[in-house]
Amino acid sequence: METIQLELDQKKHGAFNLYVEGKKLGEMTVSIKDNLLTVYHTGVEPEAEGKGFAKKLLEEMTAYVRENKMMVLPLCPYVHAQFKKHPDEYADIWKK
């Protein structure tokens, strides 16, 4: 079973990290300033590819943003592609 944790430093830079049995297998690198969350990169370890972990990271990030009434600046190619592919799903949080 995987777990996802948002881990930030004092400057609010960090990542949503995905762990399986204590091993980090994926991350979505972010920074938070005021009510804007910027996503820079989403990556999954090669042995964990094809298991839907990037999508789970995206779902966790969007849930966090909505819960905290924030907007998303999707600089990450994966997140930007998902926002473009499903604009209605992310219209409420997409900072264009």
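## Helix α2: exposed and buried sides

In this predicted model, Pro-77, Lys-84 and Lys-85 are exposed on one side of helix α2. The buried residues of α2, which spans residues 77–85, are Val-79, Gln-82 and Phe-83. These three residues cover an arc of only 100° around the axis, which places them on the same side of the helix.

The buried residues of α2 pack against several elements: strands β3 (23–33), β4 (36–44) and β5 (71–74), together with helices α1 (53–67) and α3 (87–90).

## Thr-42 in strand β4

Thr-42 lies in strand β4. Its relative accessible area is 14%, and because the cut-off for a buried residue is under 20%, Thr-42 counts as buried.

Neighbours within four places in sequence being set aside, Thr-42 is in contact with Glu-27, Met-28, Ala-54, Leu-57, Cys-76, Tyr-78 and Val-79. Among these contacts of Thr-42 is Val-79, one of the buried residues of α2.

## The five-stranded sheet

The strands form an open sheet of five members in the order β1-β2-β3-β4-β5, with mixed pairing. Strands β1 and β5 are at the edges, each pairing on one side only. Neighbouring strands of the sheet are turned against each other by 25° on average, direction ignored.

Helix α1 packs on this sheet and touches β1, β2, β3, β4 and β5. The direction of α1 makes about 165° with that of β4. In general, strands of a sheet pair through backbone hydrogen bonds, either parallel or antiparallel.

Strand β2 covers residues 13–20, and six of its eight residues are buried, so the strand is largely enclosed by the rest of the structure. Strand β1 (residues 2–8) runs antiparallel to β2, and seven bridges join the two. Within this pairing, Ile-4 stands opposite Leu-18 of β2. The hairpin of β1 and β2 has four residues between the strands, and Lys-12 adopts a positive phi near 65° there.

Strand β2 also pairs with β3 in the antiparallel sense, over eight bridges. His-13 has Ser-31 in β3 as its bridge partner. This second hairpin, of β2 and β3, has two residues between the strands, and Glu-21 in the turn shows a positive phi of about 50°.

Conventions. Residues are numbered from 1 along each chain as its sequence is written. This is a predicted model: local features need pLDDT of at least 70, side-chain atom pairs count only at pLDDT 80 or more; totals for chains, interfaces and linings use all residues. Side-chain values use heavy atoms; hydrogens and water are left out. Buried means under 20% relative accessible area, exposed over 50%, partly exposed in between (1.4 Å probe, protein chains only). The arc is that of the directions from the helix axis to the C-beta atoms. Contact means heavy atoms within 4.5 Å. Two strands pair if DSSP finds at least two bridges between them. Axes are lines fitted to C-alpha atoms, for helices over the stretch in contact, and angles run from 0 to 180 degrees between N-to-C directions.
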